[in-house]
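Thanks for coming, everyone. Let me put the structure on the screen, and then we'll walk through a few parts of it.

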Amino acid sequence: AAVLIPNGIHYSAIRAAVETNQQYPARILFVGRLEPMKGIDTLLAALSILKEDGTHFHLRIVGDGSQREKLETIARSLGLADDVTFVGAKKHEEVFAEYAQAAIFCGLSRSEALGNVFLEAQAAGCAVLATNVGGIPDVVKDSVTGYLVPPDDAQTARNALGVLLKHDALREQMGEAGVENAKGYEWSEIAKKYAD
């Protein structure tokens with residue numbers, strides 16, 4: 001019989017980053033390639049609706065890709081220039097620090113195989129907002145470690161982000177559930193599965 005073994009994450013290295021970094025309650029993070037399939041345009045649209053309510057947030061976009069200039073233009077046109085930072089590509093350790101400083105990880109992918117970034121974000125204690133596509137529902141438990149929304153749905157994403165930003169206790173509870181969920185994906189645990 002076929003045995004499905006997931007990818008591993010550097011769980012202990014991410015937990016170490018949490019010890020040395022402060023989490024910012026209004027910080028949202030995206031990590032990944034800046035390509036159309038990643039749905040960053042939907043995230044920007046959701047944030048522009050959120051901003052109209054006077055909700056305070058800051059999005060950091062870590063990664064590079066063919067869409068970077070286009071996305072920077074979209075952010076400016078939506079009046080988000082001061083609310084979004086395009087960080088560019090970073091080394092592993094620097095990305096772990098980004099996870100540790102964020103309260104919410106947001107990836108609104110149009111397609112995704114597994115999505116290690118969602119597990120890495122959970123390991124850092126981020127509440128996760130993701131789309132219910134591909135392998136994402138296998139690693140993000142809806143209403144437990146975060147929220148799953150349909151792709152290309154800025155309004156639903158905005159609503160979920162609004163809840164996560166407003167309710168600290170809920171967000172922290174989801175973050176803690178995420179840490180527990182991610183524990184099982186530590187590379188040493190995954191290696192045991194290969195050994196078996």
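This is a predicted model: local features need pLDDT of at least 70, side-chain atom pairs count only at pLDDT 80 or more; totals for chains, interfaces and linings use all residues.

Start with helix H7, residues 154-166. It has 13 residues, and at 1.5 Å a residue it should span 18 Å.

Which residues of H7 are buried? They are Ala-154, Ala-157, Arg-158, Ala-160, Leu-161, Gly-162, Leu-164 and Leu-165. Note the arginine in that list: Arg-158 is buried too. And what do these residues pack against? Two helices are on the list, H2 (40-52) and H8 (168-183). The strands are E1, E4, E5 (127-131) and E6 (146-149).

Next, helix H4, residues 92-101. Seven of its ten residues are buried, so H4 is largely enclosed by the rest of the structure. The buried ones are Val-95, Phe-96, Ala-97, Glu-98, Tyr-99, Ala-100 and Gln-101. Their cover includes helix H1 (11-20) and H5, along with strands E1, E2 (58-62), E3 (84-88) and E4.

In one of them, Tyr-99 pairs with Phe-105. That pair is tilted, with 5.9 Å centre to centre and 45 degrees between the planes. Both Tyr-99 and Phe-105 are buried. Phe-105 also pairs with Phe-118. Here the centres are 5.7 Å apart and the planes sit at 90 degrees, so this pair is edge-to-face. Phe-105 lies in strand E4 and Phe-118 in helix H5, so the pair ties together parts 13 residues apart in sequence. Phe-118 is buried, as is Phe-105. Put together, ring pairs link Tyr-99, Phe-105 and Phe-118 into a cluster.

Two of those rings turn up again at a cavity. The search of the whole structure finds one cavity of 30 Å³ or more. What lines it? Phe-105 and Phe-118 do, together with Phe-30, Val-31, Gly-32, Lys-38, Gly-107, Ser-109, Glu-112 and Val-117. Strand E1 (27-31), strand E4 (104-107) and helix H5 (116-123) each supply at least two of the lining residues. By type, the lining has five nonpolar, three polar and two charged residues.

Now the loops. Thr-145 sits in the loop between helix H6 (136-139) and E6. Is Thr-145 buried or exposed? Its relative accessible area is 1%, under the 20% cut-off, so Thr-145 is buried. Leaving out residues up to four places away in sequence, Thr-145 touches Gln-122, Cys-126, Ala-127, Val-128, Val-139, Val-140, Met-174, Ala-177, Gly-178 and Asn-181.

Ser-143 is in the loop between H6 and E6 as well. At 47% relative accessibility, Ser-143 counts as partly exposed. What about its backbone? Most residues other than glycine have a negative phi. Phi of Ser-143 is near 65 degrees, a positive value. Asp-152 also has a positive phi, near 60 degrees. Asp-152 is found in the loop between E6 and H7.

That brings us back to H7, where we began. Questions, please.

Definitions and conventions:
Residues are numbered from 1 along each chain as its sequence is written. Side-chain values use heavy atoms; hydrogens and water are left out. On a 1 Å grid over the protein atoms alone, a cavity is a set of points where a 1.4 Å probe fits but cannot get out, and a pocket is an open set with protein on both sides within 12 Å along at least five of seven lines; lining residues have an atom within 4 Å of a point. Grid points are joined across faces, edges and corners, and a volume is the space filled by probe spheres set on the points. Helices (H or I, at least four residues) and strands (E, at least two) are DSSP runs, numbered from the N terminus. Ala, Val, Leu, Ile, Met, Phe, Trp, Tyr, Cys and Pro count as nonpolar, Asp, Glu, Lys and Arg as charged, and the others, Gly among them, as polar. The expected span of a helix is 1.5 Å times one less than its number of residues. Buried means under 20% relative accessible area, exposed over 50%, partly exposed in between (1.4 Å probe, protein chains only). Contact means heavy atoms within 4.5 Å. Rings of Phe, Tyr and Trp (its six-membered ring) pair if their centres lie within 6.5 Å; planes under 30 degrees apart count as stacked, over 60 as edge-to-face and the rest as tilted.
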